[in-house]
Amino acid sequence: MPTTPAVRAASMFGGESGVPISLAGIAAAQQFLDRIGTGPGCHLVRGDAGGGKSLLLAAVRERLHADGTRIHSTVASAERGDGALVLDGAHSLPGDEITALTALARRNDLTLVVATEPRPHDAELRALTATMESLGPAFDLRALTIDDIDARARDRGITLVPGLLELLHQLTGGVLAAVDAGLAATAVTADMTGAGIRAAVATHLHDRLRHLDGELLSALAVCMCCSSLDTTDLAAALSIPTSHAHRVADRARASAVVTRSDVLLDAARPALTAVVGVGRLRELQQRLLSARLDGGALDLPTARTLAAAGLDDPRLAVFLSARADSAEPAKAVELYESALQAGADPDVLALRRCEASALCGDLDAAERLADSLLSRADSLDAAELAAAVRISSSIAACRGEIGRSADLYEWLGPGRVGADAPVAATVLLAAGRPEAAAGVLTGERSGPPTSGAAGVTLLADGLAQSIAGTGAVAMNSLTRALALLSTSTRSRMLPDTATAVTALLCLHSGELAHAESILAKALTGAASTSTARTRHLVLSAWTAMTGGELANAAAILESLPADQPVHPREALFVHGLRVGLARRHGDIGTLHREWADAQPVVAGYSVDLFCLLPLGELWLAAVRIGDEARIAHLVDDALELVRRLGEPALWGASLHWYGVQAAILGENPTQLLPHARALAASAAVSSYAAGLAAAGRVWLRVLRGEAEPAEVESAARTLERIGLPWDGARLASEAALRVSDTSGATTLLQVARSLRGAPSTPSTQPASGTDPATEPTGGSLTDREAEVAELLVLGLTHREIGARLYIAPKTVEHHVARIRRRLGASSRSELMSMLRAIGHGNSESFASRAEGSR
């Protein structure tokens, strides 16, 4: 049905505000319209293509027509009459006509409404806009915001959820014509998925691009490649003068498919590629690449965009590979992939890609590349083969397969290992193969004496010295290795970091402060995606747990990135930490769960020198819950590894200390003896081992019921001094259970509390919510608390205790909480042990206390 003027007018205006429906969402549209028709004047409308200029001028014509004003549509007509000139597209007029329009504006004797795209490098148009702006304010149309789009949709009776509003804004860049295309699709299909909007906007953009001339399309294609409209690029790629390139850039910026930051809309890329054609696009890309390379101006974003677009060019491949070589590992992986897209030889880049992937933690990709390299070992030169073995060996170490790491180096042999001989020796020592480690160092070494090469040599020397028992010398070598490797400019994938090896030796020696210091330094500024960072975080947590800072250890564990894999080597430490924390908290339920969670890692782990600490914690967890058979083979392997290395005091002491504790937990004193003897043998070499040996002897006397409180206290405080405060507290509290006199038990409980950081003097402030009770007399509990303690140890519930003592169960709960605070018990099981140790829980003591209270 034909549309009448009345219908057109009704469709133009609506709503209580009277703002034209077609102009909804265009800020200040009503104010602009209100300025029209009040007399002669100049009104400039400036905006990009599709920005709403034509809609606004249509509304102006409607307003002027309603006022009975004569409307001219050409400059020539306006020059000969009165009324108003409403002119759209002034930027497309010939120069002489723009000049005539400027003269007409200067007359200022009629209403002049002119719309144009911005053209800052067009002299005639610049003169026109300057003249009109001097006679009246310009109305600049801007891209619609999300709120503007929402307003425009609602005036059409369309309600879009925030996600669709954001999608429409992202696809269109806020260009009004493209927004309307998306809204029209939504109005027709009631699409809430976004598929209809995407299709409609894509169709609109394709139609828009089809009607552009070849020069402008070429400029947009260049913009797509380099995310800029640099006139030097345009001049080179389009073979035009720079002066003309400025005008082409102006047109491109006003084309409705380029954002304010000169970036082509993502939604326009497929359509532009189709309209320009692959052949022309390749030609432009080649010209752009040549211009950038010749001018030394090629940047990474442009290079990667060209590669991703399919430009196969050896110059581009070389540029990307060179940048990848000097980039951080995670960035290097991306750049090597871009170089492959640009036509780089996969075999040439395989080793570098392998190293970068391994360093940033993508062990699966690194292992695939390493296996591919080793499968064609005959085609590699000596340095490439040694590097491939080093990376593959390092990957195996991260996966908890140090035996395979050692096998790789034994296969490579002294004759081919070259400059990586110290790396090989470190691996072979960690795997418990000292003869092979000595042999690999006999081969001829090559390569310059860089800081990195010196660092790995010192790392191997330090490890060998620590195994030989010379702790101070070993620590000196390792500290020097740390300094050299931290200043080395080239990152190499190694089986372990110097920081980790040094920290582990500190932990095995009781030097917790030193371990904490070097780990904190390594973590400062470390890449969040690196395998090394995860390694160092886990060791930091271990340092905190060993020092009794259980909350800090748990917090570090929780800080491990959830979106990054924890490789088996670190996973073993994580599981060791979790069972260790559960054991220290006396949480048997959590201990069971964490032990079960650890089984996949435990089942596939290959024991090495650097895993003795988590293995020890898992061993104790297994003994505690009666499942020692599941880990016995790993314990045997660890004991055999230590034997092959000659029972190194600095490394073996911790394992034997775990053996002592396992025997205690299993209540099997005979199993304690060989570990106690090993510690005693190491005591002459290591003060740490000497402290453990002394504590081991006292533990044996405690189990036999022969220990005196004084010697127990001395051993407990020695454990605290060598960095094992929790172990010292446990020795004191366990001995308190077995000491015959109450005074000795109380003393040892106070020692245990002090070592665990609990107050050594019980609080004397009355607890709120409890029934009145006298202050402690001659002991650490009030009379009422003592009564509650007796019944608690006998197994009565809070309700049953309340019934027996004629108090509310809630009051019993307050008493129990206060008793725990007084004694410094960290768990219910520890509280029960403490109460039994100071004499609670037998009927005679309860009867005497009850009699005394009456």
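**A left-handed helix pair and a parallel sheet**

Helices α29 and α30 cross in a left-handed way, meaning that the near helix is turned anticlockwise from the far one by less than a right angle. This is a predicted model, in which local features need pLDDT of at least 70, side-chain atom pairs count only at pLDDT 80 or more, and totals for chains, interfaces and linings use all residues. Residues are numbered from 1 along each chain as its sequence is written, and side-chain values use heavy atoms, without hydrogens and water.

**The helix pair**

- Helix α29 (residues 512-523) packs against helix α30 (residues 531-546) at an angle of about 155°, with the axes 10 Å apart.
- That makes α29 roughly antiparallel to α30 (an angle over 145 degrees, on a scale from 0 to 180 between N-to-C directions).
- In contact (heavy atoms within 4.5 Å) are, among others, L512, L519 and L523 of α29 and L537, L539 and T543 of α30.

**The sheet**

- Five strands (DSSP E runs of at least two residues) form an open sheet in the order β2-β3-β4-β1-β5, with parallel pairing; pairing takes at least two DSSP bridges.
- The edge strands, β2 (71-72) and β5 (138-140), each pair on one side only.
- Strands β1 (residues 41-46) and β4 (residues 111-116) share six bridges.
- Helix α3 (residues 53-66) packs on the sheet, touching β1, β2, β3 (84-87), β4 and β5, and its direction makes about 160° with that of β3.
- Helix α6 (residues 123-135) also packs on the sheet, touching β1, β4 and β5.

**Helix α7**

- G157, which follows α7, has a positive phi, near 80°.

Definitions and conventions: Helices (H or I, at least four residues) and strands (E, at least two) are DSSP runs, numbered from the N terminus. Angles under 35 degrees count as roughly parallel, over 145 as roughly antiparallel, 65 to 115 as roughly perpendicular and the rest as oblique.
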